[in-house]
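Hi everyone, thanks for coming. I'd like to walk you through some side-chain contacts today, so please have a look at the structure with me.

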Amino acid sequence: MASKAAAAAAVDFTRLYSTLGLGKETIASLQAFRKRHGEAQRLHSQYASQPTTVDFSHYRSVLKNTAVIDEAEKALKDFKPVTYDVGAQIKAIESFEAKALAKAKETEEKIDVELKELQATLANIEEARPFDQLTAMDVGEAHPRLIKVVETMIQKGKWNVPGYKEKFGDLNLM
């Protein structure tokens, strides 16, 4: 028990919250749970240290009506705690856990695929030629539609790009 408490005390929860990137509501719920857990542990240790036996001889010497004491002693001896079948709840928890685990594995696979795509994109960006070293032909080879548009504009005698002046203004000094 002491080793569990020492392990829990050794955990830096603020660093853990920030590392996992948890939301404010989740952090608040976890902190509330930790507070309730600490209070429950404190109460448990407080009540566990108290004696659990009843001194009926003391009550017989103090009270005149010993029939009540005999009845209470008999009720205490005959008391059997009720046992509950928690199998259904455990099965529900296990099924929820299995679903959550399957969903987590599915999410992990999706993230792995996305991570591989991002790494491929990053490698492509790192291996790409710098922008200032590109030529018009390189851009044309990458997007053949641009070559066709430019050739059509040249054949029609259009030397202005539609919408350029509206967007960037006229740079002529005359």
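**Salt bridges and an aromatic pair**

Let me start with Glu-106, which is partly exposed at a relative accessible area of 36%. Please keep in mind that this is a predicted model. The partner of Glu-106 in a salt bridge is Lys-110, with 3.5 Å between the closest N and O atoms. Lys-110 is exposed, and its relative accessible area is 55%. Both residues sit in helix α6 (residues 87–127), and because they are four residues apart, about one helical turn separates them.

How many salt bridges does a search of the whole structure find? The search gives five. Another one joins Glu-39 to Arg-42, where the closest N and O atoms are 2.4 Å apart. These two lie three residues apart in helix α3 (residues 24–48), again about one turn of the helix. Glu-39 is partly exposed at 37% relative accessible area, and Arg-42 is partly exposed at 41%.

Arg-60 and Glu-73 meet through their side chains in a salt bridge, 2.6 Å from N to O. Arg-60 belongs to helix α4 (residues 56–62) and Glu-73 to helix α5 (residues 66–78), with the two 13 residues apart. Arg-60 is partly exposed, with a relative accessible area of 31%.

Last, the aromatics: the structure holds one aromatic pair. The ring centres of Tyr-164 and Phe-168 are 4.9 Å apart and their planes meet at 45 degrees, so the pair counts as tilted. Tyr-164 is partly exposed, at 41% relative accessible area.

Conventions: Residues are numbered from 1 along each chain as its sequence is written. This is a predicted model: local features need pLDDT of at least 70, side-chain atom pairs count only at pLDDT 80 or more; totals for chains, interfaces and linings use all residues. Side-chain values use heavy atoms; hydrogens and water are left out. Rings of Phe, Tyr and Trp (its six-membered ring) pair if their centres lie within 6.5 Å; planes under 30 degrees apart count as stacked, over 60 as edge-to-face and the rest as tilted. Buried means under 20% relative accessible area, exposed over 50%, partly exposed in between (1.4 Å probe, protein chains only). A salt bridge is a side-chain nitrogen of Lys or Arg within 4 Å of a carboxyl oxygen of Asp or Glu.
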